[in-house]
Structure formats: C-alpha cells, structure tokens
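Open the model in your viewer and keep the selection tool at hand.

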Amino acid sequence: VLKYEDNLMGLPDQLGFASRFLNDEQLKEFILKTQSNVISRGNLEGLILTGIDAQGGGIKLLQSYIDKTADVQTVALLLSQVSFRLLKDQRIHEWTKIYRDLLDRWKLWKVRIEFDIGRSKGGMNVADITPQVFARCNFCSSQLTLGRESTHQPGRGRGTRTYSQKIKVTCCPSCSKPLPRCALCLLSLDCTSSHPKARQHGEDSWHSGSHPFDNWFTWCQNCKHGGHAKHIFDWFENHDECPVTDCRCRCNKL
C-alpha cells in the first residue's frame, strides 16, 4: 500500500497511514525512502516532508523541480513567502533574481513590483529589499550601468585616497545603439545636466540641483520626447508645447 512509485494515494495520506500503522523502525525507513524519492523526482508535494531548507532536503527538491520543469516562477513565488534570513543557500537568491530579470525582460514591470511588494508582506523583511531604479536600453532592453565608480589612487605619504569618477557613455554597451538625448541640452542619458551653481563652485553636476531627481530623464507619455527633469520642468514653466522642433504635442496640457 505504501509503495511510493505506484501509489495513487497523496503523500499526506501516505504519511498519515504510515504513522498510524507502521512501527517506529518501519516508519523511519518509509520516511527516509519517501524523502529520497520526492527529492529525486522534484515533487513539490514532498515539501511537507522535507521543509524549505537545506538541512531537510527542501532546497535539493526545489533544484530537482527546476531541473525537470524549468519552472522558476513557481519556486520564486513559493520562496517569496519565506524570510531569506532563515535560508542561507545562495541558490534561493539566484532563483529570485532570475525570475525578477525575466519579468523585467518581458516588460512586466508592474508584475515585478507587485512581486517585490508581496515579498515584503510575506516572509521578507522590507529592509532586505534594496530600493533601486534601473535604466534599460529601449532597443535591446539590456540594463544600463550608469553612475560612479570608486577608484583608488596612491596618495602622498601613507595610505591611498579614493575618489569617485563618473563614467559617461553615449551608447548601449550591449547593442551599441545611441542612448536617448535630452531635447533641450542634447546630452545623452548618462551625461548629467549642467547647473549654474555647480559651474560656479566647480562641482560635478551630479551633486547639483535642489533635488537628486533633477538629472533624471523624464518624457511625455504621448509623443515620447523628453530630457533631464530639471530642463523639462523649466521649459514647461513658460511653454505648453513639446520642446522638440515640429512636434505639436501639448505635453503640459495632458
């Protein structure tokens, strides 16, 4: 009755039947054999026996399930209700990252956001999810790594000094297509907007402006033209039409 290979009974029923009618030695043997079988077959029903951790074999079971089905979504949704602080296996973070990257690649950003929110409401601590905003190429959808890099340079005397250097690119590193340009200053996405106060003090424009948002790109949802937020906001203080020549879109009235 309790042969796992050809048994039509569900696993919970089998465990209940075994607990009721088998002695201790037979029960132990049955549980170990069943645990090995569910792991090798990637049967998610076996999680009631293994649990979701490396010690009980749950992570091996999930790995086997993915290997057989390539269904990383089910695993990611399952793990979204478990605190990562209790699970130290690196594969858990990799599966979650793969699923989030897939949603971004399919342009299902709202679904990915709902997934992250669900993780915070489930077993995931809000502090474990780092708020991030990414820029992506509008041709190949590859993530653009924009920003600063820390560079170490030997200093005089003892030690070294560290300074941040803004890496500026004008095209996508993956497909080499040009990045969007600001409709007003004509600088590429990664080139920060200029600001009078920054020029006076000799500062990098990355730190200029009353808000860090000044250097972000914003665009009209109708005509798709845009530019640095600071420039666009300044333009629409006195204009209603799009700043791009021959575009008659009244962006400020939408």
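## Selecting, stop by stop

Start with D246, which is found in the segment after α9 (229-236). The model is predicted. D246 has a positive phi of about 70°, although it is not a glycine. Most residues other than glycine have a negative phi. Is D246 buried or exposed? Its relative accessible area is 67%, and exposed means over 50%, so D246 is exposed.

Next, select L186, in the loop between β4 (160-167) and α8 (196-201). This residue is not a glycine either, yet L186 has a positive phi of about 65°. Because its relative accessibility is 53%, L186 counts as exposed.

Now go to the nonpolar cores. Which residues touch the most other members of the largest nonpolar core? Select L62, I66, V75, L79 and W95: they hold that place among the 19 residues of this core. Then color the helices that build it. At least two core residues come from each of α1 (11-21), α2 (24-41), α4 (58-69), α5 (72-79) and α6 (90-105). Of these, α4 gives the largest share, with five residues.

For the last stop, leave this core and select C223, F236, C242 and C249. They are among the eight residues of another core, which lies apart from the largest one.

Notes: Residues are numbered from 1 along each chain as its sequence is written. This is a predicted model: local features need pLDDT of at least 70, side-chain atom pairs count only at pLDDT 80 or more; totals for chains, interfaces and linings use all residues. Side-chain values use heavy atoms; hydrogens and water are left out. A nonpolar core is a set of buried Ala, Val, Leu, Ile, Met, Phe, Trp, Tyr and Cys residues joined through side-chain atoms within 4.5 Å. Buried means under 20% relative accessible area, exposed over 50%, partly exposed in between (1.4 Å probe, protein chains only). Helices (H or I, at least four residues) and strands (E, at least two) are DSSP runs, numbered from the N terminus.
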